Amino acid sequence: MSTPEKAAAVYRRYLSAVMLHGHAGAKAVDLGATDLYALNILTLTGALTPGELGRRTGLTTGPTTRLIDRLEQAGYVRRVPDPGDRRKVIVEPVAAPSGLDEALAPAREKIGAIIQDYTPEQRAVLFDYFARAATAYQEATNELRDHEAIPRPAAGGH
């Protein structure tokens, strides 16, 4: 295997581990992964309209409504009138799942220990990468979703 192939395999292994950890963390607090990711989006961005949350999670209207219903019933979010337009509703985070911090602590500690092995300059590069990669992944996700909207011929079709 050539160096670029090895690098690609290492990176894919890393991404898979992060994704699987996210799923395991969600399960540890009795949530689906999408529910936990939606809560994370709300915690990072603040209140969003259901439409905005749906776009960010990639869900259509019905599944977004059910997601918000689940999170609201569990006490993690609430629907409130939009202060700019009382006809609209926004979804705001109000609580984190009990035990989430504890469920994620082992990975946070393990990753923290790895990061501490780097020099301050290397850590700066790592966090620059994290910030820039997050934007790149968001943009690539949007491109994939835009591509989904383009009708494609059926597999094996002429």
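1. Let me start with a crossing: helix α2 passes helix α3 in a right-handed manner. Please keep in mind throughout that this is a predicted model. Helix α2 covers residues 33-45 and helix α3 covers residues 50-57; their axes come within 10 Å and cross at roughly 120°. Angles of 65 to 115 degrees count as roughly perpendicular and those over 145 as roughly antiparallel, so α2 and α3 are oblique to each other.

2. Which residues make this contact? On the α2 side they are Ala 38, Ile 41, Leu 42 and Thr 45, and on the α3 side Leu 53, Arg 56 and Thr 57. Sorted by class, the contact of α2 with α3 holds 4 nonpolar residues, 2 polar ones and 1 charged one.

3. Helix α2 also packs against helix α4, which spans residues 61-73. Here the angle is about 80° and the axes are 10 Å apart. With 65 to 115 degrees as the range for roughly perpendicular, α2 and α4 therefore fall into that class. From α2, the contact takes in Thr 34, Asp 35, Ala 38 and Leu 39; from α4, Leu 67, Arg 70 and Leu 71. The class count for α2 with α4 is 4 nonpolar, 1 polar and 2 charged. If you are colouring by contact, note that Ala 38 meets residues of α3 and also belongs to the contact with α4.

4. How do α1 and α2 sit relative to each other? Their axes come within 8 Å and cross at roughly 95°, so the two helices are roughly perpendicular. Met 19, Gly 22, His 23, Gly 25 and Ala 26 of α1 meet Ala 33, Leu 36 and Tyr 37 of α2. In this contact of α1 with α2 there are 5 nonpolar and 3 polar residues, and no charged ones.

5. Between α1 (3-28) and α2 there is a loop, and Asp 30 lies in it. Its backbone deserves a look: phi of Asp 30 is near 60°, a positive value in a residue that is not glycine. Is Asp 30 buried or exposed? Its relative accessible area is 73%, and because over 50% counts as exposed, Asp 30 is exposed.

6. The loop between α2 and α3 contains Thr 49. Thr 49 has a relative accessibility of 17%; the limit for buried is under 20%, so Thr 49 counts as buried. What does Thr 49 touch, once neighbours within four places in sequence are set aside? Its contacts are Val 89 and Ile 90, and both residue numbers fall in strand β2, residues 85-93.

7. On to the strands. Strand β1 (residues 77-82) and strand β2 (residues 85-93) run antiparallel and are joined by 6 bridges. Arg 78 has Glu 92 of β2 as its bridge partner.

8. Thr 65 has a relative accessible area of 36% and is partly exposed. How far is Thr 65 from Arg 123 in sequence and in space? The two are 58 residues apart in sequence, and their C-alpha atoms are 40 Å apart.

Terms used. Residues numbered from 1 in each chain as written. Predicted model: local features only at pLDDT ≥ 70, side-chain atom pairs only at ≥ 80, totals over all residues. Heavy atoms only, no water. Axes fitted to C-alpha atoms, helices over the stretch in contact; angles between N-to-C directions. Helix = DSSP H or I, 4+ residues; strand = E, 2+ residues; numbered from the N terminus. Parallel < 35°, antiparallel > 145°, perpendicular 65-115°, else oblique. Left-handed = near helix turned anticlockwise from the far one by under 90°. Contact = heavy atoms within 4.5 Å. Nonpolar A, V, L, I, M, F, W, Y, C, P; charged D, E, K, R; others polar. Pairing = 2+ DSSP bridges. Buried < 20%, exposed > 50% of the residue type's maximum accessible area, 1.4 Å probe, protein only.
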